[in-house]
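Good morning, and thank you for making time for this short report. I would ask you to look at the sequence and the model together while I go through them.

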Amino acid sequence: TSSSSSPVASTAEADDARKDVIEALREALAATDLEFDGDGQPVLYAKSSYSPDRRDDGGETRLSLSRGDCVRVLNTSMGKQWWWVEAHGRCGYVPADYLGTEAQMRGAEDMFWQNQEYFGQYATLKVHQEMLADAPRTLAYQRAIKQCRADIEGKVVLDVGCGTGILGMMCVRDGGAARVYAVDASPITEQAQRLVEANGLADRITVIQGKVEDAEIPEKVDLILSEWMGTFLLFEFMLESIVSARDLFLKPDGVVWPSDVSLYLAPCSAPNQAQRVDFWDSLYGFDFTPMRSEARQEYHRVPIFNHQLAEADCLAPEQEILRFAVKSMSREDLELNRSAFEFTVTHDGTLHGFASWFDVAFARPGSASANTAADETVRLSTGPAWPRTHWNQDLCMLDDYVAVWAGDVVRGSVTLERNADWRRHMLITVDYVVQRGGEVVARDSKQFGLWRC
């Protein structure tokens with residue numbers, strides 16, 4: 001909508017109109033810290049993104065907003081629900097509750113990151129017991145530390161998301177690190193401090209509670225290590241904090257562990273999961289099949305994490321759909337990732353969905369990446385062919401199952417799109433076709449929220 005259609009009053013009445021807007025904003029926002037542009041017009045910020053439905057009545061006069069957008073508020077006479085604003089050179093209505101002062105926007109940003117909830121869950125011993133009991137996970141880090149003792153000895157280490165401090169303590173005992181800064185935003189740091197002291201390492205390990213982005217580290221570090229991986233590798237997006245720590249604290253010749261990460265996808269059968277939907281059939285002589293659509297929505301709308309996939313259930317060898325070299329990647333790399341795939345089915349079965357897992361590598365200091373010394377590189381994999389970890393595998397179940405034969409081709413793409421507002425969440429989209437002898441026998445597209453989308 002052009003600015004010429006703005007309901008703002010004539011120039012002679014502009015000052016009075018502006019005063020009315022300011023008074024209305026202060027009342028609506030309970031704010032005394034309003035910000036103004038060079039013309040004295042109040043400005044606010046979008047607390048979250050907004051996309052109008054053009055089909056709605058009045059939709060054509062509404063503006064789209066992205067979280068953080070700065071807008072000039074021109075008229076509030078429509079009441080407390082809709083305000084007339086200018087953004088990016090265009091004028092239109094936006095929902096009033098999407099706007100706030102800069103301080104309110106920052107508060108909303110913390111809400112969208114769900115920091116209190118996220119860090120709070122890591123304050124419980126249950127979570128840390130699960131991770132410490134995962135021997136393949138923990139021993140992979142220890143093997144890397146021991147293998148690179150000559151590179152770590154006498155050096156400075158930053159442990160991001162230190163939890164109980166186990167990795168930092170290994171760096172001192174097994175790697176000979178001179179100093180370790182162990183940072184965690186969770187209250188678990190209280191227990192970490194006790195453990196550091198109980199193990200006689202308080203003179204070499206400094207435990208810091210707080211976000212690493214806000215931490216005061218008095219020196220640059222030689223090694224940053226962290227165990228940040230989540231569902232579908234990226235969920236919770238702790239990796240962004242690792243990138244921040246890298247940019248803030250890592251020496252130019254320093255190393256980040258894990259150094260290289262890859263995400264894989266494979267078509268698979270999952271009869272146990274399919275049975276949950278198939279259960280809604282004939283029960284006690286009654287037809288329960290009308291419940292199947294609701295069952296699919298409830299059970300399979302989101303990825304099934306912690307799924308134990310048997311190797312025999314993979315219908316084709318996995319393919320890499322994502323790879324990052326952590327030392328050189330950017331924050332923007334986290335926002336949108338799309339990868340094409342093409343699988344040739346190796347044996348007859350039923351395509352119930354697509355399974356995913358990841359592996360990470362620990363490149364030796366001085367190596368550009370893990371690939372430069374593949375035979376010596378320590379790797380940790382969550383794949384079904386490797387020792388079981390607490391991650392297991394992730395599974396995206398399809399709504400319509402497909403009988404496939406050896407030689408069939410499954411091709412398509414998978415997209416991982418980070419949520420623009422809820423920054424620890426993402427949307428997974430799988431598009432696929434099944435071809436047999438050049439003929440398409442099945443085609444579909446499905447989206448999976450992880451968890452808000």
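I begin with a salt bridge: glutamate 335 pairs with arginine 423, and their closest N and O atoms are 2.7 Å apart. Glutamate 335 lies in the loop between strand E16 (319–325) and strand E17 (336–344), while arginine 423 lies in the loop between strand E21 (409–418) and strand E22 (426–436), so the pair ties together parts that are 88 residues apart in sequence. By salt bridge I mean a side-chain nitrogen of Lys or Arg within 4 Å of a carboxyl oxygen of Asp or Glu. Helices (H or I, at least four residues) and strands (E, at least two) are DSSP runs, numbered from the N terminus.

Please note that this is a predicted model, in which local features need pLDDT of at least 70 and side-chain atom pairs count only at pLDDT 80 or more, whereas totals for chains, interfaces and linings use all residues. Residues are numbered from 1 along each chain as its sequence is written, and side-chain values use heavy atoms, with hydrogens and water left out.

How exposed are the two partners? Glutamate 335 is partly exposed, because its relative accessibility is 26%, and arginine 423 is buried, with a relative accessible area of 11%. Buried here means under 20% relative accessible area, exposed means over 50%, and partly exposed is in between (1.4 Å probe, protein chains only).

Let me turn to the chain as a whole. The secondary structure of the protein chain comes to eleven helices and 23 strands. Of its 453 residues, 51% are buried. Its accessible surface comes to about 21,500 Å², and carbon and sulfur atoms account for 48% of that; such areas come from the Shrake-Rupley method with a 1.4 Å probe, and for residues only the protein chains shown count as cover. Among contacts in the protein chain with a separation of 6 or more, 72% are between residues 24 or more positions apart, a contact being heavy atoms within 4.5 Å.

The structure holds 18 salt bridges, and I shall describe some of the others. Aspartate 222 forms one with lysine 251, the closest N and O atoms being 3.1 Å apart. Aspartate 222 belongs to strand E10 and lysine 251 to strand E11, so this pair ties together parts that are 29 residues apart in sequence. Aspartate 222 is buried at a relative accessible area of 15%, and lysine 251 is partly exposed at 29%. A further pair joins glutamate 153 to arginine 149, with 3.7 Å between the closest N and O atoms. Glutamate 153 is partly exposed, at 45% relative accessibility, and arginine 149 is also partly exposed, at 31%. Salt bridges also link Asp37, Asp39, Arg72 and Glu86 in a network.

Next, the stretch from E10 to helix H9. Phenylalanine 232 is found in the loop between strand E10 (221–226) and helix H9 (239–249). Its phi is near 50 degrees, a positive value in a residue other than glycine, and the residue is buried, with a relative accessible area of 0%. Glutamate 236 is in the loop between E10 and H9 as well; its phi is also positive, near 85 degrees, and at 13% relative accessibility the residue counts as buried. What of helix H9? Nine of its eleven residues are buried, so H9 is largely enclosed by the rest of the structure. Among those buried residues are Glu240, Arg246 and Phe249.

Further along, the peptide bond from tryptophan 257 to proline 258 is cis, with omega near -5 degrees. Proline 258 sits in the loop between strand E11 (250–257) and strand E12 (260–268).

Is aspartate 69 buried or exposed? It counts as buried, at 12% relative accessibility. Leaving aside neighbours within four places in sequence, aspartate 69 is in contact with Leu44, Tyr45, Ala46 and His88. Its C-alpha atom is separated by 9.3 Å from that of leucine 99, 30 residues apart along the chain.

Aspartate 16 is partly exposed, at 48% relative accessibility.
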